[in-house]
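Open the model in your viewer and keep a selection panel at hand. The stops below go from side chains to whole chains and then to the contact between them.

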Protein chains: 2
Amino acid sequence: MSRPRSFDETDVLEAAIDCFWARGLEATSVRDLAGRMGINGPSLYNAFGDKRSLFMRALEHYAVRSMRERIGRMERLPDPKAAIAAFFGELISASLADPDRRGCLIVNTALEVAPHDPEIAILIAAYLDEIEAFFRRALVRAAAGGDLAPSVEPTDMARLLLGLVIAVRVMARTVSDRSRLDGMVRPILALIQARPDIRTPA
Amino acid sequence: MSRPRSFDETDVLEAAIDCFWARGLEATSVRDLAGRMGINGPSLYNAFGDKRSLFMRALEHYAVRSMRERIGRMERLPDPKAAIAAFFGELISASLADPDRRGCLIVNTALEVAPHDPEIAILIAAYLDEIEAFFRRALVRAAAGGDLAPSVEPTDMARLLLGLVIAVRVMARTVSDRSRLDGMVRPILALIQARPDIRTPA
DNA sequence: TTCGTTTTGTATCGGACGATACAAAAGTCC
DNA sequence: GGACTTTTGTATCGTCCGATACAAAACGAA
């Protein structure tokens, strides 16, 4: 019974992600959203409730198809240290390749929305925890294989790596300079790559 | 000749900083600004032109009284490595002590405004360069004093430290967890503090 | 005092915002 | 073919936005 929907929910959520990703929550108008999604205002409200609810749906969709996808792909690599390096390689290349400098929707939201919206802040904190947990698993795995310098403490290093993800994403929103981003992560990747049985070069 | 202004420009700029710092450029209305600044809308426009011009004035004022003030104070410390550590100590404490989670106006602006406003992006890039340059000077000074491990390359490490500043400021907008922020900077500060004549503990 | 200049206060301007009322349309079920 | 339900399209709703027009007010200059 009832009239069927004229749009695919995943498709219009992707379009909503495009809007929110580039402009943020407040600066994106419902008319912008409806136009990009190819539907009318009332259809948007009927399907998603209000702008904030649509934003949360889009954020969740982004986290699955972007963040978790990359984490899952990296976690399948045999070498955990190479997985961390590849993670940042992809992150920097993707950030530099985007002419709109959109950065990361999660990081953007952490800064724009989280301080004023406790419910969304909880979502963001959980997503950031997932990234940190990925790094920690990789580091613990490397340490278990005897591949990590003992001075590298997995918990703190995972926090630092999460911080680097945030820093790369924020920097890439202002400047497009590969040497700057590469240089930022280089000392840390070198610290991780160092084998425990090889002395730090004098 | 002419009627004198009823307000002090520095005072109202401080009030404008409070607004923009907490809510950003777009989310702060001219009525919010005028209310906090204690003046009327037309006075605001008469004195500052428009909202964006006021924002740039407030940003410049913030950079001087907040960023450069801290850099100048840290640079006067005799030990450059201690200056770097103290810089982050202050940064983290200030971030955690703010109940409004305002973070840093420069970092907030880098994420909110810079991608869509090339002129402001140039200002932000210059401010970030100042922070990076401060770290680089401190590292070069430490190296010249024989106090820095040779594996620490000042240029890249300065970029990394700038990244850490950004990361601390963004993280503190979402979570209030000192152990998280301390843990994030701990591996780097340990790397910098390590004396070149002392072997990394096995 | 009168003139000239700038600032201040009141009252808006047109437009964009988020969100809806309402009826026509497009389906399923009997 | 009707009855029922949900979606769609049109036309708004009241509110807030950035920005001003205009005149009264407050000063220095003459």
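Which residues do ring pairs link into a cluster? Select Phe87(A), Phe88(A), Phe134(A) and Phe135(A): ring pairs join these four into one cluster. Bear in mind throughout that this is a predicted model. Counted over all chains, there are 14 aromatic pairs.

**Charges over rings**

The charged end of Arg102(A) sits over the ring of Trp21(A), at 4.0 Å from the ring centre. Then move to chain B and pick Trp21(B) with Arg102(B). There the charged end of Arg102(B) sits over the Trp21(B) ring, 4.0 Å from its centre.

**Chain A as a whole**

Switch to a cartoon of chain A. It contains nine helices and zero strands, so that the pattern along the sequence reads α-α-α-α-α-α-α-α-α. The C-alpha trace of chain A spans about 70 × 40 × 30 Å along its principal axes.

Colour residues 6-66 of chain A, the range that UniProt lists in an unreviewed entry as "domain: HTH tetR-type". This range is 77% helix and 0% strand, and its end C-alpha atoms are 26 Å apart. Now give residues 29-48 of chain A another colour; the unreviewed UniProt entry lists them as "DNA-binding region". That span is 80% helix and 0% strand, with its end C-alpha atoms 15 Å apart.

**A salt bridge within chain A**

Side chains of opposite charge can pair when their charged atoms come close. Over all chains, a search of the whole structure finds 38 salt bridges. For one of them, select Asp117(A) and Arg52(A), whose closest N and O atoms are 2.7 Å apart. Asp117(A) lies in the loop between helix H6 (105-112) and helix H7 (118-144) of chain A, while Arg52(A) belongs to helix H4 (residues 51-75) of chain A, so this pair ties together parts that are 65 residues apart in sequence.

**Two chains, one axis**

**The interface**

Select the residues in contact across the two chains: 47 residues of chain B touch 47 residues of chain A. Since 100% of the interface residues of chain B are also interface residues in chain A, the copies meet through the same surface.

The size of an interface is often given as the accessible area lost when the parts come together. Here the area buried between chain B and chain A is about 3,700 Å², and carbon and sulfur atoms give 65% of it. Highlight Leu111(B), Thr174(B) and Arg180(B), the residues of chain B that lose the most area to chain A; together they account for 17% of what that side buries.

Between chain B and chain A the count is six salt bridges.

Terms used
Residues are numbered from 1 along each chain as its sequence is written. Chains are lettered from A and ligands numbered from 1 in the order in which they are written. Side-chain values use heavy atoms; hydrogens and water are left out. Rings of Phe, Tyr and Trp (its six-membered ring) pair if their centres lie within 6.5 Å; planes under 30 degrees apart count as stacked, over 60 as edge-to-face and the rest as tilted. A charge sits over a ring if NZ of Lys or CZ of Arg is within 6 Å of the ring centre and within 35 degrees of the ring normal. UniProt positions are given in the numbering used here, feature names are shortened, and annotations may be inferred rather than shown by experiment. Helices (H or I, at least four residues) and strands (E, at least two) are DSSP runs, numbered from the N terminus. Contact means heavy atoms within 4.5 Å. Buried area is the accessible area (1.4 Å probe) that two parts lose on being put together, summed over both. A salt bridge is a side-chain nitrogen of Lys or Arg within 4 Å of a carboxyl oxygen of Asp or Glu.
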